[in-house]
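Here's a quick briefing to read with the model open in your viewer. Have the sequence handy as well, and hop between the spots as they come up.

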Amino acid sequence: MAKQRQSDRKPSLSELAQSDDFIGRHIGPDADEQQAMLKALGVESLQDLVDQAVPSTIRETERMPLGAPMGEQQALDALRALADQNRQAKSLIGLGFHNTITPPVIQRNVLENPGWYTAYTPYQPEISQGRLEALLNFQQMVIDLTGMELANASLLDEATAAAEAMSMMQRVSKSKSKRFLVDANAHPQTIAVMRTRAEPLGLELVVETPANFPGQEAFGVLVQYPDTTGEVPDHRKLVETLHGEGTLVAVATDLLALCRLQAPGTWGADVVLGNSQRFGVPLGYGGPHAAFFATHDKYKRNVPGRIIGVSVDTDGTPALRMALQTREQHIRRDKATSNICTAQVLLANMAGLYACWHGPNGLWTIAERVHRLTGILAAGLQELGFTRVNTQFFDTLTVEAGDQAQTIVKRALDDHEINLRVLDGGRIGIALDETCTPETVDALLQAFAGEAEIGMQAAKMDGKAVDGLPAALARGIDYLDHANFNAVHTETEMLRYLRRLQSKDIALDRSMIPLGSCTMKLNAAAEMQPVSWPEFAQIHPFAPKDQAVGYHKMADDLADKLAKMTGFHAVTLQPNSGAQGEYAGLLLIRAYHESRGEGHRSVVLIPTSAHGTNPASAKMAGYQVQLVDCDDHGNVDVEDLKAKIDKHRDKLAGLMVTYPSTHGVFESAIKDICARVHDAGGQVYMDGANLNALLGVANPGRFGADVAHMNLHKTFCIPHGGGGPGVGPVGVAEHLTPFLPGHPLDSECGGDQAIGPICATPLGSAGILPISWMYTAMMGAEGLTRATETAILNANYLAHRLSEGYPILYRGENGRVAHECIVDTRVLRDECGISVDDVAKRLIDFGYHAPTMSWPVAGALMVEPTESESKAEIDRFCEALLTIAREAREVEKGTWPQADNPLVNAPHTLAQVTADSWAHAYSRQDAAYPAEHLLHDKYWAPVSRVDNAYGDRHLVCTCPPIEAYREAAE
Ligand SMILES: *Cc1c(COP(=O)(O)O)cnc(C)c1O
């Protein structure tokens, strides 16, 4: 059918859409395709379909009170106007955040490259070898610099990593003590986040000078090295003493300092953690950055977050994968080691690649240069008569300035555009970094000297530099000798290395990623561009607030829109993942009950279908988890809920309920469920990670939820980044507003009875908020509503098409699903001997990433197309899954043997199908080209099916000298 042409009649001016109109570009199916899909569903209009899918009890038809949609250019201009209200001074504030130079080759080819930023978490190793290698580089870098045996592939930030260390040490410690000691000279935000964490867990957190640690019967301690004043303490004896007392030691540290300072692993640390931001990741007003976490091999099963390991594929070729996956955090629910799901993969990749780019010599040089400049500054300040607080240093000096402090800090800013840290008692902190030059030092000396002539020049003071490193702790280059850190120091080599890694993977730039519950929708270029603007990227989180006016306007506007869309009274943007949002929300509920003298409420009800992060977060918030059954339709079993409410009435703190349900349905009893919980004095926590089926058609704040988190990295277009970053804002009803999380370094952050901070910085991952701001600005109420409706249309169309080959589990009352559906592949297992794994791996031969596997239903697939996919792409995907069902039937018929067919052998590598011998019961063509479109565009998995059991039996989490693993597999 020929499409109608715009020129067939003369349109009016208002019909002539602006060329940068975004809505039509974001939404996949055009009007003709939508008509065809509705017809296939036997529905007259999109409105009719939505009416069938969304229960009338919660249906909203009123338009959300947001501005009109903007075109791409218009929105960029509007955001530019806000960005221009930020002031980019050079922040030498330190506190774990430093200026850094993102190598342009990494900025352009990783940070700004959809091949990297649109990838999913590497659960499917065969299509993730590229990003897995980058993560392994990150782990190896951390292992080498910290001197530990094992590192994970990132945590959310340094402060939460410290809190995770505390929790892990308590789990592994033999001590019965509940006491944990923190270095009084740890970064203040780290202490504050640990305090927030310790309280509900019943741990006693004591802030102390490390010299006083011995003899206090603590199960663990944390020291900062170098500490927040810049001092480089020698903790070797202390650690020995503490170990003698059965106390474990965590060290918060700095990777650049470790290029010149002895690794904590060599002096006995049990956990080493910190922020990898200064390895090429922009400041972004606080995040996102990858925290690192390293420990002993013996604690591998207790480590929070994900670990990348080495295994082999079916041909014995080395292949990477996420190790110990079954142990992966939240999957163990309330027994989980932590609630970490989304972490900081994209940023960890950048930091690891920064190390590859500079190599060991380059890193040592950067560290030595920073230290030398600091030494010159120290000499100059001495000459000017200032006293240094810290005797030893790497890159940070704390200087006694007495009553001159304010004047000096003001002069540094006014005359030199430099921000300094102001500490108590007239002390000034100065942290140098790789962007500093001799001119920076001159400017600093001038700021301290005032009108007086400084009479010295940093460029000529090399010989006078004070050596701040304790001789016993200085370090030469004994790190990063693996090939990956020594091979790609020219841009040509780096460019090709990045390209090689990227080509191994499937991300959204290749094909639809239909992962249920993950909402892998378009991450538009116009949304991504502002992330790189220096006005957003180069602001220090603790810069004076009047330098971040544009940031706060942008964030406030986004928070305000999120509140309006969801019907909540207020929204905090602080949590840096969905699971952190859950944790924050539960702490708000806790604070609310306590404020009413009902702190004894200790039970949280959670339906069995909940995402594993829910029970894990509840546990962290100090709650006892009681499960509630689900009925045959995947809804909360209201009878069981009533019984559980009755049983725990006096102790009921609340219910965590996912909406739409994890089975992809709108349950109609939701209002009734909320009312029952309220009746019993409980609060309702809604897991709104997946708002994609709700915006504009229902309003959670109005159907009874008191608090909810929403994942900006799902519904609001922040790309998944291969497993992070994310943002998990929390919306609250009015009565919870006073408790919104605060921050020790920002008195305006949070409510007037604020709970402690959830993460290291007041705005969490502020640097990626522009993405969601752009999305909401460009969509407006109209576009967001159309997106929801189209997501529902796409999911229902997909369910309809797939029902030809598979049962579709769980539908709402009118036989409709919400924005995703569960495809029951168990029929193929039962009737043809083909597992859900076989189906998932065979999809790779078709160029597709598998849908969500075995969650929430073991053995089934959960498929979510999102509104961004066109009918053509959805059809192509459905054809693939239907072809797979037909192939399985051939196995059932005996055309192909059970043990040798294209399904059980999938995915097929290029090496396999081009090998001289081919001994299979099916043809090479059947193996590699099961669909015609593949003739024009074929993705080849770089490895065949990866052996998970082998990888766990032989856990290796370091960069392999490749040959070693080939031998091991033989
Ligand atoms: C994704 C998801 C979460 C967890 O979000 P993270 O950002 O990965 O921590 C929680 N609940 C549901 C239903 C989700 O889909």
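Helices here are DSSP runs of H or I with at least four residues, strands are runs of E with at least two, and both are numbered from the N terminus. Keep in mind that this is a predicted model. With that naming in place, Thr 790 sits in helix α23, which covers residues 769-802.

- Is Thr 790 buried or exposed? Its relative accessibility is 1%, and the cut-off for buried is under 20%, so Thr 790 counts as buried.
- A polar atom of the Thr 790 side chain lies 2.6 Å from the backbone oxygen of Arg 786.
- Beyond its neighbours within four places in sequence, Thr 790 is in contact with Ile 27, Pro 29, Gln 34 and Glu 867.

**The loop between β20 and β21**

- This loop runs between β20 (707-710) and β21 (730-732), and Gly 723 has its place there; Lys 714 is in the loop between β20 and β21 too.
- UniProt, in an unreviewed entry, lists Lys 714 for "modified residue: N6-(pyridoxal phosphate)lysine".
- Lys 714 has a relative accessible area of 9%, so it is classed as buried.
- Not counting residues up to four places away in sequence, Lys 714 touches Ser 517, Cys 518, Thr 519, Lys 521, Ala 689 and Asn 690.
- Gly 723 comes out at 0% relative accessibility and therefore counts as buried.
- How far apart in space are Gly 723 and Ala 343, C-alpha to C-alpha? The distance is 5.9 Å, while the two are 380 residues apart in sequence.
- Ala 343 is also one of the residues in contact with Gly 723 once neighbours within four places are left aside; Ala 119, Tyr 120, Thr 121, Arg 306, Thr 342, Gln 344 and Val 345 are on that list as well.

**The second largest pocket**

- The second largest pocket has a volume of about 730 Å³.
- Its lining is made up of 34 residues, and Leu 95, Arg 421, Val 422, Phe 542 and Leu 745 are the ones nearest the centre.
- Which element gives the most to this lining? That's β13, with 6 residues.
- α9 (188-198), α13 (405-416) and β13 (418-423) each supply at least two residues of the lining.
- By residue class, the lining divides into 20 nonpolar, 6 polar and 8 charged.

**Positive phi away from glycine**

- Glu 417 isn't a glycine, yet has a positive phi of about 55 degrees. You'll find Glu 417 in the loop between α13 and β13.
- Glu 417 has 33% relative accessibility, so it counts as partly exposed.
- Ser 517, also not a glycine, has a positive phi of about 75 degrees. Its place is in the loop between α15 (491-503) and α16 (525-528).
- Ser 517 is at 8% relative accessibility and so counts as buried. This is one of the residues that Lys 714 touches.

**Cis peptide bonds**

- Gly 287 and Pro 288 are joined by a cis peptide bond with omega of about 5 degrees. Pro 288 is in the loop between β7 (271-275) and β8 (291-295).
- Trp 855 and Pro 856 are joined by a cis peptide bond as well, with omega of about 0 degrees. Pro 856 lies in the loop between β24 (852-853) and β25 (861-863).

How values were computed: Residues numbered from 1 in each chain as written. Predicted model: local features only at pLDDT ≥ 70, side-chain atom pairs only at ≥ 80, totals over all residues. Heavy atoms only, no water. Buried < 20%, exposed > 50% of the residue type's maximum accessible area, 1.4 Å probe, protein only. Polar contact = N/O pair within 3.5 Å; in protein donor to acceptor, adjacent residues only side chain to side chain. Contact = heavy atoms within 4.5 Å. UniProt positions renumbered as here; feature names shortened; annotations may be inferred. 1 Å grid on protein atoms, 1.4 Å probe; cavity = no way out; pocket = protein on both sides within 12 Å on 5 of 7 lines; lining within 4 Å. Points joined across faces, edges and corners; volume = space filled by probe spheres on them. Nonpolar A, V, L, I, M, F, W, Y, C, P; charged D, E, K, R; others polar.
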